[in-house]
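Subject: Structure for your review

Dear colleague,

Please find below the structure that I would like to hand over to you. I would be grateful if you could read it alongside the notes that come after it.

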Amino acid sequence: MGIMNLHIKNGIVIDTKNGIKAEKMDIFVKGGKIVQESEIEGDVKVIDASNKLVVAGGVDMHAHIAGSKINSGRTMRPEEMRIVRQTAGKLRTSMGRVLLTSPAIGYEYAKMGYTTSFEAASPPIGSLHTHEELDSIPVIDKAMLPVFGNWHLVFKYTAEKDTEKMKALIAWAIERTKGFGVKVVNPGGVEKWMYGGNVTSLDDPVEYFNVTPREIITELVKATEGLNLPHSVHLHCNRLGVPGNYETTIETMKLVSGFKNDERQVLHVTHVQFNSYSGSSWRDVGSGADEIAKFVNKADNITIDMGQPVFGHATAMTGDAPFQFNLHKLLGAKWINKDVELETGAGIIPLVYLPKNPVHAVQWAIGLELGLLTDSDKVVISTDFPNGGPYTKYPYIMAMLMSAKMREKEIANASPYIQKATNLPSIDAEKTLEETIHMTRALPARILGLQTKGHLGVGGDADIAIYDLNPLEVDPSTEYEVVEKALSTPIYTIKGGEIVVKDGELVQEVWGRTYWIDAMSQVSTEVIEEDLDDYFTHYYTIQRYNYGVEEAWLRAPEKIVVG
Ligand SMILES: [Zn+2]
């Protein structure tokens, strides 16, 4: 089919970045971009979008879609490969229930109207593997975040409080890994796990390095802001999955009170549901979501994503190896543990969220509380795929946020413990369709610093979803089934100006780009040369010249130069 001129006619457009609230208008596409009508010449394919919702393609800012973790997870769940999702025509067979195969990951995003997804954690040393898998995911644009929070060199520069060296390390590592930003997972805690421990507060020192989580986070934020990267530090907090952890989460957010950036947040705290627990054990666990939401709503430099669990199959996979050990003990479930030399660790555990299980029901309720109580300009919809469940459930989460009635029905099927331990049953707030569109498009694009994503203004990428939903007529509060179904099956998904989905079915495979950040002109790596040589000579198992990924190895790299 190729890239063609498109005229999307009479659609009802919601484009929050450009202040368009359900207005009837036309959209024009040329060369994969949104353009003015006057720029169109020659053949034009007209798409009649009368009474249909027209929005930008969805942006998933936090999912685990590529790399060693999801691959190990697939090995642990061979039964998933019995589920064939698609075998049609020229397209590749795609399989999986939760741990989808690489083709299925791209196809299922497109079949939901999503066109961009970020792999949220890759060990720097494993980045080639991560990119090989990202390159086998069709349709979507993508990027990956290398992890920094337990890297011995990061500890060294934290202890020395040397921002110039930290900036050089970050710029060098992002260039070497073809990464996009600075991910931090349980800073200090994963290193302590190498000795069987974990951190219990922001002030626990890490053995042999004389640094604390408080110092690691602060120094990484300082360096990231110094480089003015498009995306802020992206933090998986300490004490994830521990009852009572909501207080640590708030303490962590306070660390950035002195930082300000005119373009974006200075800290994105991810899958906050897992860090919003009150109580002192799993027997009295409850929700700290209202305290977290209050704090985020007041702060002008913090954003979050939900990490919403959905009932059904999931797989916990995270660099937070000590958390995974606790989960393994708690569930008695099969478990993989991994140490990544000098840089990080990881764990993987298949699991199922059950509505009648009191803890699962509380987790489910907390995610929704966060989504409902936090300002729609500060909270992004995520399941932390596959940790909370499949991203294919985003339309369900959107519908739940828009309908107290739907929640009431779901609450009736869940453990009654949530009545006691959470506020969800008494929350009657409902997000509007415009707000949930914002939380899945313009907001994640802004948080990531992607100028051409999440909106339909001139110059934007022609990533467009058209749904069989008239926002001027539908009432999401009562017609939640209609809304969920419509958002799950776009009439059209257009990626870079090409029609990839029609009437909910994939019609062709296209290939997206991999964004990466080059901030090298801002630093002199000379200041870290000696340390790099020392570490590669004495501690790493590989040579320095074998470390990293060259741009030419990627299928369709798109470099973003910063500074
Ligand atoms: Zn994650």
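The notes below go through the metal site, the salt bridges, the surface patches and some points of the backbone. Please bear in mind that this is a predicted model.

Metal site

The zinc ion is held by three residues: His 62 and His 64, each through NE2, and Asp 384 through OD, at 2.0 to 2.1 Å. Along the chain, these donors follow the spacing H-x1-H-x319-D. His 64 is in the loop between β6 (58–63) and α1 (68–76), while Asp 384 is in the loop between β20 (379–380) and α12 (394–402), so this pair ties together parts that lie 320 residues apart in sequence. Is His 64 buried or exposed? With a relative accessible area of 4%, His 64 is buried. Asp 384 also counts as buried, at 3% relative accessibility.

The loop between β20 and α12 also contains Pro 386. The peptide bond that leads from Phe 385 to Pro 386 is cis, with omega near -5°.

Salt bridges

The structure contains 38 salt bridges. Three of them are described here.

In one, the side chains of Glu 509 and Arg 92 meet at 3.2 Å, N to O. This pair links distant parts of the chain, 417 residues apart: Glu 509 belongs to the loop between β24 (505–506) and β25 (514–518), and Arg 92 to the loop between β7 (84–86) and β8 (94–95). Both ends are partly exposed, Glu 509 at 26% relative accessibility and Arg 92 with a relative accessible area of 32%.

Another salt bridge joins the side chains of Lys 495 and Asp 141, again given as 3.2 Å, N to O. Because Lys 495 is in strand β22 (residues 492–495) and Asp 141 is in strand β10 (residues 141–146), the pair ties together parts that are 354 residues apart in sequence. Lys 495 counts as buried at 6% relative accessibility, and Asp 141 counts as buried at 0%. Lys 495 and Asp 141 also belong to a network of salt bridges that links them with Lys 33, Lys 453, Asp 461, Asp 463, Arg 513 and Glu 558.

Lys 167 counts as buried at 12% relative accessibility, whereas Glu 164 is partly exposed at 46%.

Surface patches

Which residues gather in a patch of negative charge on the surface? They are Asp 428, Glu 430, Asp 475 and Glu 479. Of these, Asp 475 is placed in the loop between β21 (464–467) and α17 (480–488), and at 34% relative accessibility Asp 475 counts as partly exposed.

A nonpolar patch on the surface is formed by Met 194, Tyr 195 and Tyr 208, which together have about 390 Å² of accessible area. Tyr 208 is located in the loop between α6 (189–193) and α7 (213–227). With a relative accessible area of 71%, Tyr 208 is exposed. Phi of Tyr 208 is near 70°, a positive value in a residue other than glycine.

Leu 202 is likewise in the loop between α6 and α7, but Leu 202 is buried, with a relative accessible area of 5%. From C-alpha to C-alpha, Leu 202 and Pro 416 are 34 Å apart in space, and 214 residues apart in sequence.

Further backbone points

A positive phi in a residue other than glycine is also found at His 271, where the value is near 30°. His 271 lies in the loop between β13 (267–269) and β14 (277–278) and counts as buried at 2% relative accessibility.

Finally, Lys 431 is in the loop between α14 (417–421) and α15 (433–440). Lys 431 is buried, with a relative accessible area of 8%. The C-alpha atoms of Lys 431 and Leu 401 are 5.6 Å apart in space, although the two residues are 30 residues apart in sequence.

With kind regards

Terms used. Residues numbered from 1 in each chain as written. Predicted model: local features only at pLDDT ≥ 70, side-chain atom pairs only at ≥ 80, totals over all residues. Heavy atoms only, no water. Patch = residues over 30% accessible without salt bridge, like charges linked within 9 Å, V, L, I, M, F, W, Y side chains within 5 Å. Areas by Shrake-Rupley, 256 points an atom, 1.4 Å probe, with all protein chains shown as cover. Salt bridge = Lys/Arg side-chain N within 4 Å of Asp/Glu carboxyl O. Lys, Arg positive; Asp, Glu negative; His and termini not counted. Charge placed at Lys NZ, Arg CZ, Asp CG, Glu CD. Helix = DSSP H or I, 4+ residues; strand = E, 2+ residues; numbered from the N terminus. Buried < 20%, exposed > 50% of the residue type's maximum accessible area, 1.4 Å probe, protein only. Donors = N, O, S within 2.8 Å, 3.2 Å for Na, K, Ca; no water.
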